[in-house]
Amino acid sequence: MSLWRRKAKRHELERLATLAGEASAEAASRMDLAAQRDGDEPEGHAARSATAGPPAPPDLTAAAFFDVDNTMMMGASIFHFARGLAARKYFTTSDLAGFAWRQAKFRIGGKETKDTVSSSREQALSFVAGRSVEELNTVGEEIYDELMADKIWSGTRALAQMHLDAGQRVWLVTATPVELAAIIARRLGLTGALGTVAETDDGVYTGKLVGDLLHGRAKAHAVRALAAKEGLNLKRCTAYSDSQNDVPMLSVTGTAVAINPDAGLREVARRRQWEIRDFRTGRKAAKIGVPSVLGAGALAGAVAAGVAFRKR
């Protein structure tokens, strides 16, 4: 491939990543607007308020961003979702086996390539095309209860709660479809989610993505775009992930924490002196106090949010 072609391809990939990030940030902001309009609160909020002390005042310029797969949840959320869809005959078990094999190769190799991302993109489109948003939301709620609820890392969930208790908003950031990401966020009592946005027409998926998967640099674009919309100071924000693919996202916030890191991220974290937390083996990292994880000066406030989707 010529130098010109390589540059053109890189430019196109960056354009798609930027578009994906902006679309995801728009969807996340709509979650906030929908919650404010409807007066919704994320699940778990009322139970906490009944036993906890007075809520901290909102800290409107600081927030936390959590990757989902192997960071907030054991395994890949999209694989758990695919298992649930296969059980409901959305596709065959052989399709699921092929997907599992590609996931295993990724976990062993520790790095995604453009080809594997493209393959995942095609798979994501194949099972939503022609389906309604309402249908996938209903099924997603069921599958979360059946296959995901018991996969949440309690240690990571506690870190998210620490941000909420300090008055900060907390978003998930994942390549998983934004509808599924929003369900997970709501069930965990978080503010909302940044996820891959699939194009819809009159409430039905068209089989196209808005931009690309929310992956790699697209996550960083999404965090920046959401920060601009929400008035966040990224230097006061914290990002969490397990994967070296998320170094771009981890690098845009003032504080980065490696959770259950793969080999590549562990190396980067040590070199950049990022916090490392590993909940897989029972190893105890040094206790992280509020100032180090929440960022200097982080003291208060969270805004609850519901679910909204980008529609065309």
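Modeller: The answer starts with the helix and then turns to salt bridges.

This is a predicted model, in which local features need pLDDT of at least 70, side-chain atom pairs count only at pLDDT 80 or more, and totals for chains, interfaces and linings use all residues. Residues are numbered from 1 along each chain as its sequence is written, and side-chain values use heavy atoms, with hydrogens and water left out.

Helix 11 covers residues 263-272; helices (H or I, at least four residues) and strands (E, at least two) are DSSP runs, numbered from the N terminus. Its buried residues are Gly 264, Leu 265, Arg 266, Val 268 and Ala 269, where buried means under 20% relative accessible area, exposed over 50% and partly exposed in between, with a 1.4 Å probe and protein chains only. The cover over these residues includes strand 6 (238-241), helix 10 (247-252), strand 7 (255-259) and strand 8 (275-277); contact here means heavy atoms within 4.5 Å. Just after helix 11, Gln 273 has a positive phi of about 60°.

Arg 266 also has a charged partner: it forms a salt bridge with Asp 278, with the closest N and O atoms 3.0 Å apart. A salt bridge is a side-chain nitrogen of Lys or Arg within 4 Å of a carboxyl oxygen of Asp or Glu. Because Arg 266 lies in helix 11 and Asp 278 in the loop between strand 8 and helix 12 (290-294), the pair ties together parts that are 12 residues apart in sequence. Both Arg 266 and Asp 278 are buried.

Elsewhere, salt bridges that share partners join Glu 141, Asp 145, Arg 186 and Arg 187 into one network. Within it, Asp 145 forms a salt bridge with Arg 187, and their closest N and O atoms are 2.4 Å apart. That pair links distant parts of the chain, with Asp 145 in helix 6 (residues 133-148) and Arg 187 in helix 8 (residues 178-187), 42 residues apart. Asp 145 has a relative accessible area of 46%, so it is partly exposed.

The count of salt bridges by this rule is 16. Another of them joins Glu 14 and Arg 217, with the closest N and O atoms 3.1 Å apart. Glu 14 is in helix 1 (residues 3-38) and Arg 217 in helix 9 (residues 217-230), so this pair links distant parts of the chain, 203 residues apart. Glu 14 counts as partly exposed, at 27% relative accessibility, and Arg 217 likewise counts as partly exposed, at 45%.
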